[in-house]
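Me: I have a model open on my screen and want to learn how to read it. Can you take me through it feature by feature?

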Amino acid sequence: MSDFLYIYRMTPAAEKPSPEVMQQRMQKWMKWMNSLSEKGHLKERGHPLEQPGKVVRGSQKTVTDGPFAETKDVVGGFSIIAAKDLAEAAELAKGCPVLEGGGNVEVRQIMHMNV
Amino acid sequence: MDIGEHLFRRESGRMVAALTRLFGVHNLALAEDVVQDAFCRALEVWKFRGIPENPSAWLMAAAKNRATDILRRQRTAKRFAPEIGRIAESESAVEPVIAELFQPGVIRDEQLRMMFSCCHPRLSEDAQVALILNILCGFGVAEIAAAFMCTQAAIEKRLSRGKNTLAESKSLFDFESASDFAPRLGAVQRAIYLLFNEGYHGASPEAAVRAELCEEAMRLGAMLREHAPSSTPSTHALCALMCLHAARLPSRTDASGNLSTLFEQDRSRWNPQLVEEGQRLLDLSAEGDDLTEFHLEAAIAAVHAMAASPDQTNWRMIVELYDRLLERNPSPVIALNRAIALAQWKGPQDGLVAIRNIQNGQKLQEYVFYWAALAELELKSGNRDSAQSHFSTAISLARNDLERRFLTRRNDQCTTLP
């Protein structure tokens with residue numbers, strides 16, 4: 001088993017969903033997380049990230065607001081998943097509800113010290 | 001840990017009511033934005049960190065924090081409710097006022113105040129019901145449109161007009177100094193009644209949607225009962241009526257999901273607790289000398305609830321109650337229901353005569369159950385051809401598949417019945 005980082009990117013919704021729709025979205029997400037957890041794939045539930053952020057760039061160390069505006073998908077949070085290989089980690093990500101809202105999940109293997 | 005069904009929707013009404021009191025009714029949109037923010041936050045945080053121990057309290061705290069931020073940032077007191085706007089001038093006063101406003105008892109009163117505010121006399125009944133569903137019950141535009149079988153654009157328009165009227169009214173309904181309490185209570189009761197009827201007889205083919213509307217109406221009715229000034233005999237009668245009808249909801253469709261009439265329903269599926277609660281409320285309503293339409297309708301429902309079968313129903317009493325209802329409200333739909341009861345009491349021919357004599361009967365031409373009733377009575381009188389012709393008209397007016405299936409089945413029985 002190896003560890004993988006899921007980076008969730010979501011497109012901010014234009015319309016305002018109703019409370020009922022929001023609750024349903026949340027329950028979908030919980031269901032997916034619970035199913036990962038039950039099968040032993042959920043190593044760390046992870047964290048959501050506050051929007052807006054700052055970006056510090058270059059040797060000038062310029063600080064700008066971001067990273068939005070130019071990118072339509074904003075990182076909304078991350079989790080750590082245990083999977084056999086990258087293929088399985090990607091397969092597991094297919095159940096993520098973020099996809100239904102037009103977002104995506106970036107799946108990256110975490111490098112470890114032991115070779 | 002799981003959260004209650006419709007938790008967000010329920011909490012939405014509570015939070016919007018409290019925040020609108022805080023920001024002033026002209027800032028209703030701001031209150032709604034704060035609630036939306038609280039839900040967005042909950043959605044993001046709970047997704048990752050799990051559902052908190054007390055989800056309602058978490059949501060309230062999120063809304064409170066956001067409201068505190070806004071009040072601190074917007075020092076221009078004038079923008080907020082005059083009586084509460086002052087607090088924004090001294091920073092230390094913000095938190096205690098908000099804490100006070102979010103006490104459970106205070107929120108309950110604010111919900112009631114919002115309900116009364118939504119029933120502003122300048123608004124149509126349709127707009128009042130839509131506002132209540134949106135603001136107090138947390139239904140979105142699409143959900144209201146689905147429940148009323150309207151377009152989203154129509155509901156959107158209705159809501160924005162209603163909210164503009166609310167904003168122009170400058171202040172929320174004031175229970176203490178209101179001289180128009182009684183008429184406003186009447187409007188509120190009427191809106192709840194319409195909401196319930198939309199659920200009970202409504203056009204939506206989704207049984208679940210309709211049951212939710214009934215449930216919401218009953219919840220709002222219970223709120224009226226909990227508050228001394230609005231807990232009047234007519235409120236009890238309205239709540240009795242809703243309980244007694246709601247008791248029959250489970251049997252309105254049979255095992256295969258088809259509509260079944262009062263005459264065919266399996267009465268063992270009527271909810272005994274609701275029947276009992278309805279009877280109890282009806283007893284409570286018998287006080288004072290105010291006899292409302294709700295009293296009469298609840299009494300009719302109680303006669304049905306007490307009867308073990310259609311044959312054992314006291315139809316004579318039902319006809320008499322409909323007569324008294326007609327004295328108050330000469331509606332053709334009530335007259336039609338009276339005619340159906342009369343047919344049960346005296347036979348189908350008397351029923352048909354009564355239907356022909358309905359005043360303003362032309363208003364019923366587009367009403368699906370008018371044609372269905374004619375068809376049923378013709379069938380009982382042995383006139384299969386005219387029964388079928390009436391059923392065909394009814395089928396062409398059916399509002400959804402459920403009704404269409406039901407009427408088609410009855411139509412087919414015209415030829416198969418011995």
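Me: Let me start with one residue. Is B:Ala246 buried or exposed?
Reply: This is a predicted model, so every value is computed from predicted atoms. To judge burial, count the C-beta atoms around a residue; 20 or more within 10 Å means buried. B:Ala246 has 24 others within 10 Å, so B:Ala246 is buried. B:Ala246 sits in helix H12 of chain B, which covers residues 233–246.

Me: What does B:Ala246 touch, beyond its neighbours within four places in sequence?
Reply: Setting those neighbours aside, B:Ala246 is in contact with B:Cys214, B:Met218 and B:Leu274. Now look at a pair instead. B:Met60 is 186 residues from B:Ala246 along the chain, and their C-alpha atoms are separated by 32 Å.

Me: Now the two chains. How many residues of chain B are in contact with chain A?
Reply: For an interface, count residues on each side, then ask which elements supply them. Here 19 residues of chain B are in contact with 16 residues of chain A. In chain B, helices H1 (7–23), H2 (28–49) and H8 (141–148) each supply at least two residues of the side that touches chain A. H2(B) gives the most, with nine residues. By type, that side of chain B divides into nine nonpolar, five polar and five charged residues.

Me: Does the length of H2(B) agree with its residue count, or disagree?
Reply: H2(B) has 22 residues, so at 1.5 Å a residue it should span 32 Å. The end C-alpha atoms of H2(B) are 31 Å apart, which agrees. Just after H2(B), B:Gly50 takes a positive phi of about 90 degrees.

Me: What do the buried residues of H2(B) pack against?
Reply: Elements from both chains. From chain A come helix H1 (19–38), strand S2 (42–48) and strand S5 (74–83). From chain B come H1, helix H3 (55–73) and helix H9 (152–168). The buried residues of H2(B) include B:Val34, B:Phe39, B:Glu44, B:Trp46 and B:Lys47.

Me: And H8(B): which residues are buried there?
Reply: B:Val141, B:Glu143, B:Ile144, B:Ala147 and B:Phe148 are buried in H8(B). They cover an arc of only 165 degrees around the axis, so they lie on the same side of H8(B). These buried residues pack against H1 of chain A, and against helices H7 (125–136), H9, H10 (181–201) and H11 (207–226) of chain B. B:Met149 follows H8(B), and its phi is positive, near 50 degrees.

Me: What is the order of elements in chain A?
Reply: Read from the N terminus: β-α-β-β-β-β-α-β. That comes to two helices and six strands. Buried residues make up 20% of the 115 residues in chain A. Among contacts in chain A between residues at least 6 apart in sequence, 75% join residues at least 24 apart.

Me: Last one. Where is confidence lowest in chain A, and where is it highest?
Reply: Check the chain mean, then the elements. Chain A has a mean pLDDT of 89, with 95% of its residues at 70 or more. In chain A, confidence is lowest in strand S4 (residues 62–66), at a mean of 85, and highest in helix H2 (residues 86–93), at 97. For chain B, the mean pLDDT is 89, and 94% of residues reach 70 or more. The model scores ipTM 0.90 and pTM 0.86.

Conventions
Residues are numbered from 1 along each chain as its sequence is written. Chains are lettered from A and ligands numbered from 1 in the order in which they are written. This is a predicted model: local features need pLDDT of at least 70, side-chain atom pairs count only at pLDDT 80 or more; totals for chains, interfaces and linings use all residues. pLDDT is the predictor's confidence in each residue, from 0 to 100. Two residues are in contact if their C-beta atoms, placed from the backbone, lie within 7 Å. Helices (H or I, at least four residues) and strands (E, at least two) are DSSP runs, numbered from the N terminus. Ala, Val, Leu, Ile, Met, Phe, Trp, Tyr, Cys and Pro count as nonpolar, Asp, Glu, Lys and Arg as charged, and the others, Gly among them, as polar. The expected span of a helix is 1.5 Å times one less than its number of residues. A residue is buried if 20 or more other C-beta atoms lie within 10 Å of its own, exposed if 12 or fewer, and partly exposed in between; C-beta atoms are placed from the backbone. The arc is that of the directions from the helix axis to the C-beta atoms.
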